[in-house]
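Here is a short briefing to read with the structure open beside you.

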Amino acid sequence: MTDFSDADALAAAVRKAVDETPITDIHTHLFPPSHGDLLLWGVDELLTYHYLVAELFTVAPRDVTPQAFWKLPKRRQADLVWEHVFLKHGALSEAARGVVTTLNLLGLDIAGRDLGGIRAWFDAQEVEPYLERVLDLAGIDYAVMTNDPFQPAEVPHWRDGAPGCDRLRPALRIDPVIVNWPAAAQTMREAGYGTAPETDAQSYAEARRFLTDWAGTLGDPVYLAASLPPEFRYPSDSPSARTMRNVVLPTARELDLPIALMIGARKGVNRALGDAGDSVGVADVTAVQKLCAEHPDVKFLVTMLSRVNQHELCVCARKFGNLHLFGCWWFCNDPSIIREMSLQRLELLGATFTANHSDARVLDQLVYKWRHTRDVVGEVLVEKYRLLFAAGWRPTAEEIARDVRALFGGAFCDFLAK
Ligand code: RAT
Ligand code: ZN
């Protein structure tokens, strides 16, 4: 039985499926239009993405200091990135090429280098139809947000209930509970919960109540999420491991929500750069292994930031049905590493992982992040299907569509449902 006469026909079908399959983007920093200025979009936001701000300070003259940069209005900051990264140096980095891809796919004349004209085009857009347009152009069914009740700017937007935006779904972000209990306890106390700076049974119970109430406010969060440093260990006597055990795990169990852990971000190695000042460290996969083994009734979604961790993490995922790997996170979201990680994951796990997430902070980034990912993952799949064909297997068009969708959200949905 075969739908394809030869390996080239098969390869063409794989590429077509990769281009046409809808994507579920399982981790972004986007917000609905009802969150006002928190939803970032447009060319000045694209140019001042923190990945590009970090790059600016690698190429700009010494008199362009971070301190002076942060005092400038957004448009002037964007001008500096445009001038130094794009015009005076080659726009060869992934973040810079991303801006080019995005503007080009939006139909703008990026080759003309007319930043003023591009700005005028964005100024004429209305946010709500533009959001739909970008999601359609990227081929996304829905994207998962990052909703953080510890961020004062976000809290008021939930006072009148969940915003009705079907294509953006909530996720409850809880970093400070794990990584900075005194700060988390204070925020919760100010919100009327009995959390003390010291951890005790009463404070833990109140923190669980806070998270449960917030899950209710968000409506139907897809998961609980936290970014953890490379030093995260479990089990251990550290405050992080204790709040994981006493607050996060019981809340996840009670609410039947998976826990998404993004591990390996070393925060603020250059604080002057703000969000652009974070770095990477090699994490401890054993912590994930222990969490999965000790809590078989809890589901874990895990991504790690260091390339060094990826192989061990894949092996870990083979051992635990309650562990789902997702994304090529941040410094791994570059074509060479996406290719390597996708091959490695396919070879060790089959199509049971989520190939990527965008981590988009700016709406328009969805366009390039997914165009670039589709291109890389598409070629990885072509390579694998060619090998299968040569070995004598004859995949059908339906099976190809199933496998492609699995990598772009299908496996994630199956994992949530099981
Ligand atoms: O990828 C990023 O943009 C990082 O700054 C972080 O947002 C990271 O993805 C996170 O969610 O903590
Ligand atoms: Zn993120």
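Which exposed residues does the face of α8 turned away from its buried side carry? They are E128, P129 and D136. Please keep in mind that this is a predicted model.

**Helix α8: length and end**
- Helix α8 covers residues 127-138, and its 12 residues should span 16 Å at 1.5 Å a residue. The C-alpha atoms at its ends are 16 Å apart, so expectation and model agree.

**Helix α8: the buried side**
- Y130, L131, V134, L135 and A138 are the buried residues of α8. They line one face of the helix, because they fall within an arc of 135° when seen down its axis.

- Three strands form an open sheet in the order β1-β2-β3, and their pairing is parallel. β1 and β3 stand at the edges with a single partner strand each, so one side of each has no neighbour in the sheet.
- Helix α17 (residues 397-417) packs on this sheet and touches β1 and β2. The direction of α17 makes about 60° with that of β1.
- Strands β2 and β3 run parallel and are joined by 2 bridges. V144 has R169 in β3 as its bridge partner.

Definitions and conventions: Residues are numbered from 1 along each chain as its sequence is written. Chains are lettered from A and ligands numbered from 1 in the order in which they are written. This is a predicted model: local features need pLDDT of at least 70, side-chain atom pairs count only at pLDDT 80 or more; totals for chains, interfaces and linings use all residues. Side-chain values use heavy atoms; hydrogens and water are left out. Helices (H or I, at least four residues) and strands (E, at least two) are DSSP runs, numbered from the N terminus. The expected span of a helix is 1.5 Å times one less than its number of residues. Buried means under 20% relative accessible area, exposed over 50%, partly exposed in between (1.4 Å probe, protein chains only). The arc is that of the directions from the helix axis to the C-beta atoms. Two strands pair if DSSP finds at least two bridges between them. Contact means heavy atoms within 4.5 Å. Axes are lines fitted to C-alpha atoms, for helices over the stretch in contact, and angles run from 0 to 180 degrees between N-to-C directions.
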